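Please keep both in view while reading the points below.

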Protein chains: 2
Amino acid sequence: MPKQIGSSIRMEHPPKVTSYAAIVGSKEGEGPLGRCFDRVEQDPYFGEKNWEKAESRLQSDTLALALRKGILHNADLDCIVAGDLIDQCTGSSFAVRETGVPYLGVYGACSTMAEALLTAGILTDSGCCRRAAAVTSSHFSTAERQFRFPLSYGGQRTPTAQWTCTASGAAVVSATGEGAALSGGCIGRVCDLGVTDANNMGAAMAPAAADTIQRYLTDTCTKPEDYDAIVTGDLGNVGSPLLIDLLLKQGIDISKVHKDCGMLMFDDKAQDTHAGGSGCGCSASILCAYFLPKLHSGSLRRILFAATGALLSAMSPQQGESIPTISHLVELTA
Amino acid sequence: MPKQIGSSIRMEHPPKVTSYAAIVGSKEGEGPLGRCFDRVEQDPYFGEKNWEKAESRLQSDTLALALRKGILHNADLDCIVAGDLIDQCTGSSFAVRETGVPYLGVYGACSTMAEALLTAGILTDSGCCRRAAAVTSSHFSTAERQFRFPLSYGGQRTPTAQWTCTASGAAVVSATGEGAALSGGCIGRVCDLGVTDANNMGAAMAPAAADTIQRYLTDTCTKPEDYDAIVTGDLGNVGSPLLIDLLLKQGIDISKVHKDCGMLMFDDKAQDTHAGGSGCGCSASILCAYFLPKLHSGSLRRILFAATGALLSAMSPQQGESIPTISHLVELTA
């Protein structure tokens, strides 16, 4: 049963992440972690007729692969917790349509994988489910069409802009079984320090990550040194130093253990991705392809996974709004 | 602690809905239940500069009112579970931005209030939170702009079309205190029987409601007669008879206890709303203005609240997709 400690949650009998999978597009496959992913798909359409169907296919394939790796079937799941960036979260609802599994749609922008994992953990640890899956996705082209259409001829991406990843990660959380333990978590609060540049989401999201990480460390009486890695979602190379600075001002030095999925995904110099990767699938795929295997093998013992999300729409900056952001967190132990 | 029974959830120590509020727009205020709402706002902009800000204001005002009615403050909440229909759920993220309360964004289209209530119930009954709020909203003009823009001159609404309500409902769920008990629930499964007409969502959603209601009745070994009302979200006057028919074919007769929020909201003849109301705020506001007070006074003893949602986007029908639908359910007892 989960237990509330301050504004954080501790699992008394931590559920296990028993299987997981990650599928990415070709550009992500060419990045530094390219060999870690279960599948690198060269066809950006994933065999479908349009980008939106492609993203749903990517997400449903990733979930199916996570199940297959765990020798599981849809019928073994009591719930799928899923989300994505597409309007009305259709990436997920179409992806889970054929499964016949109860479905909770969640939305936390690029923090969605942490929200989904935490929800799946609460459902299993509380006894609502024996086994739940968390899955998210993003696709470069659905995001470009939705957030940046019409694209201007020769339009320059600013140096602080991030590259939405074509990627998906899926993890199965089970009350029993072998795997990394989901031992706690923290629900994010909306932070908005007034950043209005939708091409600088790293800066907008850093305060949300700082708030959540600080609350969790305080509530659990732990220090950065207690973790092998404190992983953020996709702050990129602009937001990451800001996060480290913000926490340093609170006397918390995460510089030695901080890793950011947005920075891990691409080689900026070779791939021209500017501030790094982003999208619901960025942190999800790197968690499932890089960090969970390391927890599984024991080369990492204890990590925090604090995915970050910018809760804007394509319209809200045009209406003069600043960018609300959020960061949800889960703790994973070997 | 919640307990899994089949594919449903029973709360062992049911949390209570200790306070609630509903605010609607002027057209909803002129409907048959107009006097039940806490506030009927005549200004469709709710004092703001555009429709989207108006919806966020509507949602934040409703949450604030629910807290005030319970003599509570933001700081008394451990979590807000919220959602809406606007792209990227900005109606909710902007609404909760100033609260400083941990926030879980959820998306279930017009079923969102049931998903949010069920999540809030699980969080409180499992010990993750002492007190959580569920809140959703919809606004006629944000929905029209997003789903039906550009509007054609003199365009006729079809007889099966529903009217998106300007409405919001908020409910505070607490591990202790007085109020209707949230004694169980059922997470919906995505159903898609191939309906492609976005102006006939009642027909698309009826199978999802039938699936969820049937599973819950089976799992809990109860019959329609055990409930004073089985309330659906917004099937309207097209989807409601379909639901009754679908369940009759399974040997379940809900005709004597069925109520639909989409049909309760408007007087179709006087208000020209065709098949009835819809939107995340429709079922939420009617639950909080009509059904929860009746449970509070004891004139209703036990109800099922099965909100229904159509998980389409503005783009998906244009891509030839049919409409996936879902219905989440909670049981409420006096």
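**Domains and overall arrangement**

Chain A falls into two domains, domain 1 (2–174) and domain 2 (180–333). The model is a predicted one.

- The C-alpha centres of domain 1 and domain 2 of chain A are 16 Å apart.
- Contact between these domains involves 60 residues of domain 1 of chain A and 61 residues of domain 2 of chain A.
- On the side of domain 1 of chain A that touches domain 2 of chain A, helix 4 (residues 112–125) of chain A provides the largest share, with seven residues.
- That side of domain 1 of chain A comprises 31 nonpolar, 20 polar and nine charged residues.

*The relation between chain A and chain B*

- Chain A is superposed on chain B by a rotation of 180 degrees with 0.0 Å of shift along the axis, and the RMSD is 0.0 Å.
- This is the relation of a two-fold axis.
- Within chain A, the C-alpha nearest the axis belongs to A:Val106, at 2.1 Å from it.
- Both copies use the same surface, since 100% of the contact residues of chain A recur in chain B.

*The contact between the chains*

- In this contact, 49 residues of chain A meet 51 residues of chain B.
- Strand 1 (2–5), helix 3 (90–96), strand 6 (103–105) and helix 4 of chain A each contribute at least two residues to the side of chain A that touches chain B.
- Helix 3 of chain A gives the most to that side, namely four residues.
- Sorted by class, the side of chain A that touches chain B contains 26 nonpolar, 15 polar and eight charged residues.

*Strand 7 of chain A*

- Eight of the eight residues of strand 7 (residues 131–138) of chain A are buried, so this strand is largely enclosed by the rest of the structure.
- A:Arg131, A:Ala133, A:Val135 and A:Ser137 point one way from strand 7 of chain A, while A:Ala132, A:Ala134, A:Thr136 and A:Ser138 point the other way; all are buried.
- Strand 5 (residues 79–84) of chain A runs parallel to strand 7 of chain A, and six bridges join them.
- In strand 7 of chain A, A:Ala133 is the residue opposite A:Ile80.
- Strand 9 (residues 167–174) of chain A runs antiparallel to strand 7 of chain A, and the two are joined by eight bridges.
- A:Ala171 in strand 9 of chain A is the residue opposite A:Ala134.

*Strand 14 of chain B*

- Strand 14 (residues 302–310) of chain B is mostly covered, with eight of its nine residues buried.
- Strand 11 (residues 229–232) of chain B pairs with strand 14 of chain B in the parallel sense, over four bridges.
- Opposite B:Thr232 stands B:Ala306 in strand 14 of chain B.
- Strand 15 (residues 325–333) of chain B is antiparallel to strand 14 of chain B and is joined to it by nine bridges.
- Opposite B:Gly309 stands B:Ile326 in strand 15 of chain B.

*Helix 2 of chain B*

- The 19 residues of helix 2 (residues 51–69) of chain B reach 27 Å from the first C-alpha to the last, close to the 27 Å expected at 1.5 Å a residue.
- Since 16 of its 19 residues are buried, helix 2 of chain B is largely enclosed by the rest of the structure.

*Helix 7 of chain A*

- Helix 7 (residues 236–249) of chain A has 14 residues and a reach of 20 Å from its first C-alpha to its last, close to the 20 Å expected at 1.5 Å a residue.
- Its buried residues are A:Gly236, A:Val238, A:Gly239, A:Ser240, A:Leu243 and A:Leu247.
- Among the elements of chain A that cover these buried residues are helix 6 (201–219), strand 11 (229–232) and helix 8 (261–265).
- A:Gly251 follows helix 7 of chain A and has a positive phi, near 80 degrees.

*B:Leu295*

- B:Leu295 is part of helix 10 (residues 280–297) of chain B.
- B:Leu295 counts as buried because 22 other C-beta atoms lie within 10 Å.
- Neighbours within four places in sequence aside, B:Leu295 is in contact with B:Ala180, B:Leu300, B:Ile303, B:Leu332 and B:Ala334.

Notes. Residues numbered from 1 in each chain as written. Chains lettered and ligands numbered in written order. Predicted model: local features only at pLDDT ≥ 70, side-chain atom pairs only at ≥ 80, totals over all residues. Domains from an automatic or database assignment. Contact = placed C-beta atoms within 7 Å. Nonpolar A, V, L, I, M, F, W, Y, C, P; charged D, E, K, R; others polar. Buried ≥ 20, exposed ≤ 12 C-beta atoms within 10 Å, placed from the backbone. Pairing = 2+ DSSP bridges. Least-squares fit on C-alpha atoms with pLDDT ≥ 70 in both. Expected span 1.5 Å × (residues − 1).
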